[in-house]
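User: Could you walk me through this one slowly? I'm new to this, so please spell out the terms as we go.
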Amino acid sequence: MARLSPENVQRAKDLIALYPQARSALIPILHVAQEQNGWLTPDVIAHVAELLDLEAAEVYGTASFYDMLFTHPVGRYLVSVCTNLACMINGAYELLAHAEERLGVAPGGTTEDGMFTLEDVECIAYCGGAPCLAVNWRFFGPLTNEDFDRLVDDLRNGRLDEEVPPHGTLCRVRRQAPLPTAPAHGAERSPGGLGLGG
Amino acid sequence: MPDIVIDGKKVEAKDGEMIIAAAERAGIYIPRFCWHPRMKPVGMCRMCLVEVKGPRGFALQPSCYVPVAPDQEIVTTSDTVKKAQDGVLEFLLINHPLDCPVCDRGGECPLQDQTFGFGPGESRFVEEKRHWAKPIPINPLIALDRERCIQCARCTRFQEEVAGDPMIDFVGRGDHTEVNIFADKPLASNFSANIVQLCPVGALTATPYRFKARPWDLDVVESTCTACAVGCRIAVQSSSNRLVRHLGVDSDPVNHGWLCDKGRFYYEAVDSPARLTNPLVRKGDEFVEVSWAEGLRAAADGLRAAGASVGVLGGARLPNEDAYAWSKFARTVLGTDNVDCQMGDGLPAEAVLGLPRATIDEACSAPATLLLGPDLKEELPVLFLRLRTAALDGDTKLIELTPRPTAMSEHAVVSLVYRPGEAATVARALVEKSDQDSRLARAAEALRGESETGEGVVIVLGRPSVAESADGIVQAAAVLARAFPGAKFLTALRRGNVHGALDMGMAPGILPGRVSLDEGGAWFTDGWGAVPAQRGLDTLGMLQAADQNHLQALVLLGADPINDFPDRALARRALAAVNFTLAVDCFRNDSSRHADVILPVAAFAERSGTTTNLEGRVSRLSQKVTAPGTARPDWMIAAELALLLGGDLGFDTLDSIAAEIERLAPSHAGLTPRLTTGDGAVVPVAARGKTSSNGQTGEQIEVNATFAQGETLMPENDPDQGETPLDRPPSASDPAEGGRPPLLRFTPPPSSRTPPPVDAYSLRLVSGRRLYDHGVLVSHSPALAQMVSEPVLRANPYDLDQVGIKPGQRARVKSPRGSLLLAVHPDPAMPRGTACLDVNLPGEGPAELIDATAPVTEIRLESVGGAG
Amino acid sequence: MLTDAPAIVTARLGQPESWTLRSYLDKGGYQGFRQALTMTPEDVSKEVLDANLLGRGGAGFEAGKKWSMLAKPRPAYLVINGDESEPCTFKDHMLLEGDPHQVIEGTLICAYAVGAAQAFIFVRGEFALGLERMTAALNEAYEYGAVGQDIFGSGFSIDLVVHPGAGAYICGEETALLESLEGKRGYPREKPPWFPAVKGLYSQPTIVNNVETVSNLPWIVQHGGKGFAALGVGRSAGTRIFSLSGHVNRPANFEIEMAKTTFRDLIYDPALGGGIRNGNELKAFVPGGVSAPWFGPDQLDMPLDQDAVGKAGSMLGSGSVVVMDDTTCMVRAAWRITQFFHKESCGQCTPCREGGGWVDKIMRRIELGGGRESDLELLLDVCDNIAPGLRWPPAKTTICVLGPSIPSSITSALKMFKDEFLVHIKEGGCPYA
Ligand SMILES: Cc1cc2nc3c(=O)[nH]c(=O)nc-3n(C[C@H](O)[C@H](O)[C@H](O)COP(=O)(O)O)c2cc1C
Ligand code: SF4
Ligand code: FES
């Protein structure tokens, strides 16, 4: 499914230009890929590998290290309930249990309509709002069970479309600044051939 | 050289080495899993923790990662160290399946050994272990069992750091980390099975070896791989008289322990049911098995009838002693100088033998190394690894002169792409100092960086493509040799012992020991009784002569000109035309189908001898198993045919041949049997002496260095025990002494064939060999045969566009010689005006298109539509 | 007790649209950087050295000293660590969202002082709004002329890149962060080289500083290093943000003067934590991120002083204080922290990768009712194999200190609440459940 669109290939190239070494753009490009498809499809992994002159195994191996990068489909809304210490002692597991019941899926699962994927996660640095959760990394908390139900309804009904873009869209602000001028160094590639007389 | 103190003992360390290595040389073995002497340390497994004294007292440090420093104090035996190491071992075992009884590694597993040696008896881990589906194939040769993996990163590091094919990587994080490939994309690397040998546990196993044998049932000898001319040192293992495994042996000057997958698995061919077991004689359209007496008689009769009107083709796969025997047989018994071990796909013997030769180490440490030859990754794989590592480590600068991009291009500081036929033109532009293109200027600067004369520079010289004549390459070499008198050459010819066969005189006008017929004729007339007066024909000449009925008989020594000679039509006509053909071979092939007599010979690991690699390094081949049926060594056949034809080669043992070579072949003067043990010695030995390991040692494999039973070369020769009784003191240390003729020096021939002007509508063809083609070794090794890919023609998309060929289409490819229908692949890396079609034996390929007498091969493409 | 120290890094957070350039300039934004540009880089470094500015990322290394270790071969890079993932730490999150220009200005001053060729602000991937605010602010800053070529006509040029992470705690560790920034798996690098300042990003000398650390720089330049050092006590100079969470009435970030305030102040002062919820009793608290050994009520009067806390066997670490009241199951709390380290181990080092999983399983067993008395000894011995001697600061068998952080919560809980473990074991499960 779906390699990067021409527009996103251009975004990828712009990202590569930001760094002294191309591979540094890998994770930013994977975010773009996830923005396009919601998750990292095998085709997109292969495509990103091509763009960066890497092996697909390297792209896959790198992506798999990071929790935010999914190599399997997830719902439109990724609901990440924090269960780390501050939230736990403020009722996070109770909130999680409620979320499981309300959405009808266990952590890691996706609702049948493809709307929600539920996960329990480590601290999301929103401990002042414990118990808290993030939907596509937009933060909500503290939450009661009723708050949770309302949040799910709002998401379902599109009332939060402004605040919460579909999964994969991380940063909606694009860099407008000129490209950096620092010297590239390290893995400098030699240019191609010299066709004397042709 | 810093002195360090390990366990109270003063140890002399080498600058920059890791504590673990210094300790090992001092006889203190620190346990380890991830550390490997030939790869960069990662310090991941933590098994090698020792206490190192720092500013704040002793602290646990990974001895594989901390370099030695003056007066460093290290403790490897304290309770703290012991507890840390035991702890690591226990951690490694808690999720390990402990399925040793069904594991291929059982019996030779460091994890098992450590556990036995130091580990806790009973497990304190009572929970469920980690589970993975197992085993899964990661390519046709390797199976992966992730449950056994201990995450040492040896496999991933090898593929990335050494091979440059990072198609296996860690996946996941923490204790869910696995090594794996991506989706269905196999680990497509010419070097993949090194990771099986590197894996310290049984996580990676070789599919061809799986369950074939248990380590304790294995017999082993050390030998030299003959799959190509690099001559990697190997341990050959057998079980019940069958070869079951090759392991790379760490030879410092040669292979650093690595092997290519072909070298690792071609032993399967030795065991092939297709092997010839008894002599065959043609009766009408059929071959019938006959006794050796009858077979030899038939061969002798055929040769007698032909007289001196005979040619001997092949020999590049024979051990040195056998090549010498046939060389002598041709000259003294048949009376012909028509001998050629190359199939028109190499370089003239004068260039190979006459240019000053470099070693691999010299190429890897030269101020600059210029590559003018084939894609090394395909043709001389482990040389590719050595040079790649050297380039990445900054030990040398690579400059490439090539008709097409190769696997090395990305590591070259400059890659100069020439149009087929025009290598010499670019070489001239490179050495002339005026008006240089910036890339030429950079290349020239690299070559002249340290001295105007190119002192220390190494030129790796081979045949970049069989679709252009060797002439242009030799001209280019001449230009470079003249401009850089300080440069040396490493010849990059492919076949296993082609360099040894050339040394043994298996080329027209060349006598054993790198002397010309002109200059050495008298010496060998003395030694042999007679030599032909006239220089003979090379393979092209012989085939042309046969085609024109000027040659009565051909002898094929493990040769298959129909498949190996670049011009297939000529080879076919020649074999059809001769009256009598004798084939001496392990297998039948397309050429021996035309033979009158076929004599079966012993293959690799079925006989002893020596072989010579591309440096001129002579090392041992060892017998491990017995030959099938009545197959016997090539030299015996030459000796017996000589007797039947009224001659006498004058030797009846391998040792007597070796002694005669040492005595008569000037380049081999002083090459005593002792010198050929271990890493071997580069000839002429006077110039170099025995190359001793210059220090770095690799991972040891236990090989009892005995040299095979039965028909042997210098039995039970312990390298450290000095001269064996068979050893005579060298007749002379300087080849030129004792009346020996001088060694050949290269004089560039006049350029005979100039390429035609460029034709705007045609493309010039480039054809090399790939590691896996349908050649003899590969097609008779089931594991390797499956690796062969379909032939495709690659060209720049622009060129394809010009003739309206769309991606995925097939095209009609035409040359003045013939035409083929081929899948075509657009490749933006290809230079415009050039197309690449690699040799793909024995199927249709460039041999249909090439005219061996033309300087280049011009082709035209026509779209035929439809999907490819 | 609150001191009268000024708010240094949180001063603008209450302003409307505090994240915009307009708001920032209204409150004197970019004045520190402008002033720095009139000084020599050496003089700027000197002020920072004088300020005694300790790193706010967790290790507490003096910023000025770190800069002075920068090896000569250039280019040098500057990387700002905004990966904030230490559980219950949420101060950088706030700064990135609320005052992105201050982060940029701090980065610029640091880049100027160390002569960086390019700077990267590594923002934890989960901080979607933070990334948006940082990117927007950077666009504004370029437009304004504070970033880019010939800044403010000074001849100084520097480019900044906001780099998103992708979710892995270990990438907060500076060498893992550099690997991640190179587009690789976030594996911490083994030493030597001992510091990124010698060999860091792309193997070049690199300075890594935390978001809060550099956020102090505009103030330091404007008020002088000595002015900063006058706040706090000794090495614990200036103010610092503490992330207070758990069972307190007012969980939030508080910027307070270091060393002159105690944990009791932080937790109980009405202007700060406001005391324990429901009037419950304090049972224990985590003084500096979950990697830190716990303190009990007896340590409440310990000042928020880096060295004092260190001497008492723990650390101020990332500046996060988690308060647990007497309703908390300490086995469960320790187990949850253990789960975290188990999950977040990068997996390189055998003791951390396997040991973390093992102790997680033992703790789980005890909490859920399969514990055996011998498990307590086993726990300690397995922990000892990860961090030999179970000392503080910990000894390592591993590459980074994530591994040796695993024992902190377990040994704390075992030392302070062994009875609770025994009750779990005897009753076959958690008495609090
Ligand atoms: C496991 C681990 C996680 C860390 N996480 C962070 C983090 O999230 N943010 C941070 O600034 N520093 C973190 N650090 C500390 C960094 O390694 C580094 O010391 C710091 O970024 C340097 O900046 P500073 O000197 O300004 O504090 C972590 C260290 C370790 C060992
Ligand atoms: S201690 Fe743990 S997190 Fe740190 S490098 Fe080792 S395995 Fe990774
Ligand atoms: S051998 Fe040193 S850490 Fe593995």
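User: Which residues is B:Lys377 in contact with, leaving aside its neighbours within four places in sequence?
Analyst: Setting those neighbours aside, B:Lys377 is in contact with B:Ala163, B:Asp165, B:Asn190, B:Phe191, B:Phe384 and B:Ala407, where contact means heavy atoms within 4.5 Å. Please keep in mind that this is a predicted model, in which local features need pLDDT of at least 70 and side-chain atom pairs count only at pLDDT 80 or more, while totals for chains, interfaces and linings use all residues. Side-chain values use heavy atoms, with hydrogens and water left out, residues are numbered from 1 along each chain as its sequence is written, and chains are lettered from A and ligands numbered from 1 in the order in which they are written.

User: Is that lysine buried or exposed?
Analyst: B:Lys377 is buried, with a relative accessible area of 14%; buried means under 20% relative accessible area, exposed means over 50%, and partly exposed is in between, using a 1.4 Å probe and protein chains only. B:Lys377 is found in helix H12 of chain B, residues 376-379, and helices (H or I, at least four residues) and strands (E, at least two) are DSSP runs numbered from the N terminus.

User: Staying in chain B, where does B:Gln342 lie?
Analyst: B:Gln342 lies in the loop between strand E17 (339-340) and helix H10 (349-354) of chain B, and it counts as buried at 6% relative accessibility. A polar atom of the B:Gln342 side chain lies 2.5 Å from the backbone oxygen of B:Leu347. Not counting residues up to four places away in sequence, B:Gln342 also touches several others, among them B:Leu493, B:Val498 and B:Thr539.

User: And how many disulfides are there over all chains?
Analyst: A search of the whole structure finds 0 disulfides, a disulfide being a pair of cysteine sulfur atoms within 2.5 Å.

User: New topic: which residues come nearest to ligand 1?
Analyst: Of the 18 residues around ligand 1, those that come nearest are C:Gly57, C:Asn81, C:Asn209, C:Asn210 and C:Thr213, and a residue is near a molecule or strand if one of its heavy atoms lies within 4 Å of it. The largest share of that shell, 3 residues, comes from strand E4 (residues 206-210) of chain C.

User: How far is C:Thr213 from an oxygen atom of ligand 1, and what about C:Arg56?
Analyst: An N or O atom in the side chain of C:Thr213 is 2.7 Å from an oxygen atom of ligand 1, and a backbone N or O atom of C:Arg56 lies 3.2 Å from an oxygen atom of the ligand.

User: What about ligand 2, which residues are the closest there?
Analyst: Ligand 2 is surrounded by 13 residues, of which the closest are C:Cys346, C:Cys349, C:Cys352, C:Cys400 and C:Gly403. C:Cys349 counts as buried, at 6% relative accessibility.

User: Last one: where does C:Phe120 lie?
Analyst: C:Phe120 lies in strand E2 (residues 118-123) of chain C and counts as buried, at 0% relative accessibility. Leaving aside neighbours within four places in sequence, the residues in contact with C:Phe120 include A:Leu18, A:Tyr19 and A:Pro20 as well as C:Tyr77 and C:Leu201.

Technical notes. Polar contact = N/O pair within 3.5 Å; in protein donor to acceptor, adjacent residues only side chain to side chain.
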